[in-house]
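Q: Could you go through this one with me? I'd like to start with the charged side chains and then move on to other things.

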Amino acid sequence: MVRSTRTNGANSAPIPSSSSASVEPSEPGQMVTTNGNLADLSTSASDPSFRDTFSYHPVTLASADALPYYDRELDLQPGLRSRVDALIAAEQETMEPLGASSSRLPPAYEIFSKRPDLQAELERVASGAPPEPSLDSKRYGLPEPEGGASASIQDWQAAVDNSYSQLAHMDIRLKNIELMKKYGSNAWRLSNFQQEQDIRMLSENVDSIKAQTNEINRLRQTEQNQTGTRLATLEKRWQDLIARSLQLEVATITTQQTVDSLHTKKRKLQAELDQLDV
């Protein structure tokens, strides 16, 4: 609501009541000010200058060559998990400890950096201090001069001026109430409809992102399982080739030993034949 500014002792004339000619708003959601002009009810919160901006740090992810959906070495090999945990702990000891000024953390975010009034209110709520009275009830009264009937003309004139201010304020309140009755329900329904549409859009976006995340995880799992199966096949083939190479090497060594033994036997027989000829 738009309230008039009331000052005791100000010269003002009485304002006609709401039954007289009044200014009608051209659009819903407007109120009448003291001078009869129209005021828009939209708050300054929609102004971008009042919004707090936050810049996010780019995060560089380290490349990984593991297949978490397929690898089971940590569970199958005894003692491997403890060795990995020990290596991770040793690596963490070499890192810079996290602190308020650490380069690994994003910059500190100051809430309501452009709204000192909201900052003060937030600090008050955090400290548990009681709220300060924001309304001065004395401004809404119609006290008579302290001297009563024997008061001076100036005191009575100040009381009359105050009554004119109160009358102007009540006239504006009545006009605002009439406008609220005429346009308030439709504006409220429109606001609810817009909020419901925003909620629906956000819910659809969340569902879409969840579906995309599930699809990415499913594709990753399928790809890693296929890659793991192929790696297992190649590893088995490599082991078979190594085994065949070892068998060939053993056979080669055995054959070479047999050949050497036959050569030795041949030389002995040749020596015996030479002795018989002599």
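Q: What do the side chains of E121 and R124 do?
A: In this predicted model, the side chains of E121 and R124 meet in a salt bridge, at 2.5 Å from N to O.

Q: Where do E121 and R124 lie?
A: Both lie in helix 3, three residues apart, which is about one turn of the helix.

Q: How many salt bridges does the count come to?
A: The count comes to seven. Among them is the pair E204 and R200, whose side chains meet at 2.8 Å, N to O, and which both lie in helix 4 (residues 153-277), four residues apart. Another is E215 with R218, at 2.5 Å, and since these two are three residues apart in helix 4, about one helical turn separates them.

Q: Are E215 and R218 buried or partly exposed?
A: E215 is partly exposed, with a relative accessible area of 34%, and R218 counts as partly exposed too, at 42%.

Q: Changing topic, which residues form the nonpolar patch on the surface?
A: Y109, I111 and L122 form it, with about 280 Å² of accessible area together. Y109 lies in the loop between helix 2 (80-93) and helix 3 (116-127).

Q: And where does pLDDT stay under 50?
A: It stays under 50 over residues 1-48, while the mean for the chain is 78 and 76% of its residues reach 70 or more. Where pLDDT is low, the predicted coordinates should not be read in detail.

Conventions: Residues numbered from 1 in each chain as written. Predicted model: local features only at pLDDT ≥ 70, side-chain atom pairs only at ≥ 80, totals over all residues. Heavy atoms only, no water. Patch = residues over 30% accessible without salt bridge, like charges linked within 9 Å, V, L, I, M, F, W, Y side chains within 5 Å. Areas by Shrake-Rupley, 256 points an atom, 1.4 Å probe, with all protein chains shown as cover. Salt bridge = Lys/Arg side-chain N within 4 Å of Asp/Glu carboxyl O. pLDDT = per-residue confidence, 0-100. Contact = heavy atoms within 4.5 Å. Buried < 20%, exposed > 50% of the residue type's maximum accessible area, 1.4 Å probe, protein only.
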